[in-house]
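Please consult the sequence and the structure alongside the text.

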Number of protein chains: 2
Amino acid sequence: MTRAPASRAQESTPLWLKLSSYLVLSDEEKSYLSDLERTIVREPPRTDLLQQGERYRDVRIMRDGWAIRHKALPDGRRQVVNFVLPGDLIGMYCTLFESADHSVTTLTAVEVASFPPERIGELFRSFPRLAAALAWSGAREEAIVAERLLSLGRRTALERTAHLIVELLRRLSIVNMAADGHFVLPVTQEILADALGLSIVHINRTLRRLRDSGLIELNGQRITVNDVRQLASVGQFDELYLHLIRAPRRLERAFSGAHHHNSARPDGEDRAKA
Amino acid sequence: MTRAPASRAQESTPLWLKLSSYLVLSDEEKSYLSDLERTIVREPPRTDLLQQGERYRDVRIMRDGWAIRHKALPDGRRQVVNFVLPGDLIGMYCTLFESADHSVTTLTAVEVASFPPERIGELFRSFPRLAAALAWSGAREEAIVAERLLSLGRRTALERTAHLIVELLRRLSIVNMAADGHFVLPVTQEILADALGLSIVHINRTLRRLRDSGLIELNGQRITVNDVRQLASVGQFDELYLHLIRAPRRLERAFSGAHHHNSARPDGEDRAKA
DNA sequence: CGGGCCGATTAACCTATGTTGTAGCCCTAT
DNA sequence: ATAGGGCTACAACATAGGTTAATCGGCCCG
C-alpha cells in the first residue's frame with residue numbers, strides 16, 4: 001500500500017489506483033488529484049451522504065468504507081442501484097440536476113473527500129487526461145448499472161448472486177481491498193436482497209446454495225470465493241462491462257501532444273500493483 | 001417551435017429540442033450543433049448500429065426513428081437497456097472504452113448523424129454550455145437506466161409496464177413526437193418483454209389488463225393513453241428522474257461571463273468559467 | 001442476570017410470472 | 001389464391017421466488 005517514490009511522498013489513494021488502471025497518469029496529475037482530496041470528512045455507518053429529492057452541493061470521493069446508492073418507491077420498496085466503493089465518485093453529475101433522484105447511504109464508517117463542482121471545470125481545462133479518466137470512471141459506473149439491469153431482468157437468483165459477488169471481488173481488487181478471493185462484505189442480507197431484486201428470504205436460500213456447493217464461504221462479514229472461475233461461470237460473468245482494459249490507443253494518441261509531461265515517463269512508470 | 005431569428009434559418013433537430021429543454025442555447029451554439037449533425041446516414045430497420053464486443057468509432061446522434069440499446073447473455077437471453085429516441089446520443093462514451101458492452105439495433109428506418117469523437121473535445125473547449133448540456137443528457141440517460149433497474153427489481157409487471165409507457169410518452173413529447181397522450185410505439189411485444197424483464201406471454205397478459213381497465217388503447221402500433229395521471233399512478237411514476245427541469249441557477253451562474261459568443265473557433269481556448 | 005432488538009435461518013404455504021402449445025390474423029411473395 | 005412468416009392471443013400447467021411466521025444466536029444495556 002505504501003508507495004513513496006519521489007520527494008513529495010503522496011499516498012496512493014483508491015481513486016488514484018482506480019484511474020491508474022485506465023491511464024498512466026503523471027506525478028503532476030497525481031498531485032492535482034490529491035489536492036482534490038484535501039478536504040476530508042468522516043461519517044458513521046447509516047448516514048445519508050445524499051438524499052433522494054435533495055438539492056445537491058459538492059462532489060465527493062469515497063476514500064474508505066462502503067456506501068450504497070439506492071432509490072425508493074413511495075411505499076417503501078427499495079432498490080440498491082450500486083455499491084459505492086473506495087475510489088468511486090458520488091454525485092459527479094448531480095450538479096447538473098436540480099435535485100438528486102437517488103440516495104447514498106453509508107454502510108460502514110467512511111472517509112470521503114469533497115470538493116466544489118467548479119473544480120471539475122478547472123480540471124477539464126487544465127488536465128484533459130485526468131478528465132478523460134474521470135469520464136471513463138463515470139461511464140463505467142453506468143455500464144455497471146446496465147449490467148445489473150441485465151441481471152435483474154434475465155438472470156436467475158443464483159446467477160445474479162454469483163455475478164454480484166464476482167463483480168465486487170473484481171472491483172475491490174483494483175483498489176487493493178481483496179486478496180486471493182476473499183474480502184469483507186459489510187452488508188446485511190436485506191441489502192443484498194435490495195440490490196438483487198429478491199426477497200430477503202430468497203437471498204438467504206440462494207447464499208445457502210452457494211455455500212452448500214462449496215463455491216463460497218461466509219464467516220461473519222468475510223466472504224471467501226473458493227473458485228472464482230466457477231463462480232463466474234455460474235453467474236455468466238463476463239468482465240467486458242467493467243472495461244478494465246487500459247485506454248484505447250486511439251485515445252492515447254489524441255492526448256499525446258496535448259499532454260505536457262516532464263516527470264512522468266510514459267514507459268518507465270513502474271506500477272506498484274500487487 | 002420554429003425559431004429562426006437570424007439570417008440562417010436552421011431547422012430544430014430533436015437533439016436541439018431536447019437540449020433546449022435544459023438550457024437556453026444561443027444561435028451560435030445551435031449552428032455548431034447543426035454542424036455536428038452534418039453527416040447523415042440512413043439505415044433500415046433491424047440494423048445493428050453497434051455490436052456488443054465491437055470496437056467503436058464515431059459518436060452518433062439519433063435524428064429520426066427508434067432503436068434499442070440491449071445486452072445479451074451467451075445463451076441468448078436478452079435485456080433491452082433503453083430505447084434510443086430522436087435526440088439521443090449513441091456511443092457517446094464508447095470512445096473511452098476498448099470495446100462496446102452493448103449493442104444498438106434499429107427498430108424502424110432511422111436517420112442518424114455521426115461525427116468523430118475528437119469533436120467532443122473541441123466542443124468542451126469552445127462551447128462549455130453546450131458541453132454541460134450534453135453531459136446533462138448523458139447523466140439523464142444513466143438516471144433512466146437506474147430507474148428501469150428500480151422497475152425490474154421492485155415493481156410488478158403491471159407497474160413496470162405502466163411506468164414505461166408513461167416514460168416514453170414524456171420523453172417523446174419533449175421532441176414533439178407525442179400529442180395528447182398518443183404516440184407510435186414501433187415495438188413488438190417481444191421487445192417490450194425484453195425491456196421489462198418479462199416473458200412475452202406475460203407482457204401480453206399485462207397489456208390486456210391495461211386495455212381492459214381502459215387505461216390505454218392499442219391500434220396496431222399506435223398507443224393511446226386515456227388517463228396519463230392514472231396510468232402514472234399505477235406505475236408509481238415520478239418524473240423526478242427525467243430531470244426535465246431547466247438547469248439549476250447555480251450552474252447558470254457558473255456560465256454567465258464564461259460564455260463568449262462571437263468566436264466559435266476551436267482555438268477560443270481562453271480560460272472560460274469562473 | 002434478564003430483557004429486547006437485530007439479523008440469520010428455516011419451514012410451510014402461496015402467487016406472480018414463466019412455459020408450452022395451439023390458433024388466428026395480417027402481411028408479402030409468388 | 002395460396003403459402004409462409006411474423007406477430008398477437010389465450011388456455012393449461014409448472015415453478016421460481018414471495019410471504020408469513022417461528023426459532024435462534026448475538027449483542028447491548030439496564
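**Chain contact and DNA surface**

The contact takes 44 residues from chain B and 43 residues from chain A, two residues being in contact if their C-beta atoms, placed from the backbone, lie within 7 Å. This is a predicted model, in which local features need pLDDT of at least 70 and side-chain atom pairs count only at pLDDT 80 or more, while totals for chains, interfaces and linings use all residues. Residues are numbered from 1 along each chain as its sequence is written, and chains are lettered from A and ligands numbered from 1 in the order in which they are written.

**The side of chain B that touches chain A**

- Strand S5 (78-84), helix H3 (118-126), helix H4 (128-154) and helix H9 (249-255) of chain B are the elements that give two or more residues to this side (DSSP runs: helices are H or I, at least four residues, and strands E, at least two, numbered from the N terminus).
- H4(B) provides the largest share, 14 residues.

**The surface near DNA strand D**

- Of the 13 residues around DNA strand D, those that come nearest are Ala157(A), Ser199(A), Val201(A), His202(A) and Gln189(B) (near: C-beta atom, placed from the backbone, within 6 Å).
- H7(B) gives the most to this surface, with 4 residues.
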